[in-house]
Amino acid sequence: MSPATATAKATTESNNDAAAASATATTTTTKTTPAKSPTSAGATKPSSTPTGGNSSSTAIEFEPPLACVRRILKHALPSSTNVGKDASAAFCRACGIFVIYMTACANDFARENKRQTITANDVLAAVKELDFDDFTPQLTTFLEQYRKTEKTKRDNKAAAKAADEQHHAAKRQKLTDESDQKDKKSSKEDEEEKDEDDDKEKEEDDDKEKEDEDDDEEDDGDTKGEDDTKGEDD
């Protein structure tokens, strides 16, 4: 049995009297070391694993929210069972002690593996170390379901992100196609307008050339008439 286990059992026995004495009082004030990021249950991680005989004086006191404990009791006990206020306070105290020592034991396994992060496997090992093997199947099933749910959430998020990106890509492609069509249409109109201008300019040149030819023919006719008249005079 690890030092954390022995400490857990010894301190649990020493705290039974304290829990009974504080059962009639309101929920005790949580005494924790200053921490910036509490855990999801409202507890703070122990700064170090309680070891040695003075662990009871250095252990962090913690109690989960009374409403959560009452909800658990309501689901776990028959509907005909009533739980008094003092019993609810005692349950809160017991839950806090259990969480603290479970955390300390799991932290021991993490340190043995030279890790600073407690994993789910460390928690399962702590459960076994503290002789709570009966809970292992339920915890394993819960862990599998939790991981499956998280994986589904990640897959759905990734699928939604991919669909959103595809939607934006299709929208951008549509805008690009519309812009290309608009540019093609504008270019075609410009070409048609240029062709019309060229045709018009060509017609004007033809008309001018024809007028010049007519003028030349008139000049030739006048010159010929003058020559004829001059010949007759001679």
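**Entry 1: aromatic pairs**

How many aromatic pairs does a search of the whole structure find? I got 3 from that search. I began with Phe 98 and Phe 132, whose ring centres lie 5.4 Å apart with the planes at 85°, so I noted this pair as edge-to-face. A reminder to myself here: the model is a predicted one.

Next I asked which parts of the chain the pair ties together. Phe 98 belongs to helix α4, while Phe 132 sits in the loop between α5 (120–129) and α6, so the pair links parts that are 34 residues apart in sequence. I checked the exposure of both rings as well. Phe 98 is partly exposed at 39% relative accessible area, and Phe 132 is partly exposed at 29%.

Phe 132 also pairs with Phe 135, and this pair is tilted, with 5.8 Å from centre to centre and 40° between the planes. Phe 135 has 43% relative accessibility and counts as partly exposed.

**Entry 2: the whole chain**

I then stepped back to the overall layout. I listed 6 helices and 0 strands, and reading along the sequence gave me the pattern α-α-α-α-α-α. The chain has 234 residues, and 18% of them count as buried. For contacts with a separation of 6 or more, I noted that 62% come from residues 24 or more positions apart. The accessible surface comes to about 18000 Å², and carbon and sulfur atoms hold 50% of that area.

**Entry 3: helix α4 and what follows**

How far does helix α4 reach from its first C-alpha to its last? The answer is 41 Å for its 28 residues (85–112), close to the 40 Å expected at 1.5 Å a residue. Just after α4, I marked Lys 114, which takes a positive phi of about 60°.

Within helix α4 I picked out Ser 88. Is Ser 88 buried or exposed? Ser 88 counts as buried, at 2% relative accessibility. Leaving out residues up to four places away in sequence, I found Ser 88 touching Leu 66, Val 69, Arg 70, Leu 73 and Val 83.

Val 83 made me look further. It lies in the loop between α3 (66–76) and α4, and Val 83 is partly exposed at 33% relative accessible area. Val 83 also turned up in a nonpolar surface patch with Leu 77 and Phe 91, the three having about 210 Å² of accessible area together. I therefore checked the patch cut-off, which asks for over 30% relative accessible area; Val 83 has 33%.

**Entry 4: salt bridges**

My last topic was charge. Side chains of opposite charge can pair when their charged atoms come close. How many salt bridges does the count come to? I have 3 in my notes.

Asp 122 and Arg 115 form one of them, with the closest N and O atoms 2.9 Å apart. The two partners gave me separate accessibility values: Asp 122 counts as buried at 3% relative accessibility, whereas Arg 115 counts as partly exposed at 29%.

Lys 153 meets Glu 150 in a salt bridge, at 3.8 Å from N to O. Where do these two lie? Both are in helix α6 (residues 136–233), 3 residues apart, which is about one turn of the helix. Glu 150 is partly exposed, with 24% relative accessible area.

Asp 155 and Lys 151 form a salt bridge too, at 3.1 Å from N to O. These residues are 4 apart in helix α6, so about one helical turn separates Asp 155 from Lys 151.

Methods: Residues numbered from 1 in each chain as written. Predicted model: local features only at pLDDT ≥ 70, side-chain atom pairs only at ≥ 80, totals over all residues. Heavy atoms only, no water. Salt bridge = Lys/Arg side-chain N within 4 Å of Asp/Glu carboxyl O. Buried < 20%, exposed > 50% of the residue type's maximum accessible area, 1.4 Å probe, protein only. Contact = heavy atoms within 4.5 Å. Areas by Shrake-Rupley, 256 points an atom, 1.4 Å probe, with all protein chains shown as cover. Expected span 1.5 Å × (residues − 1). Phe/Tyr/Trp six-rings, centres within 6.5 Å; stacked < 30°, edge-to-face > 60°. Patch = residues over 30% accessible without salt bridge, like charges linked within 9 Å, V, L, I, M, F, W, Y side chains within 5 Å.
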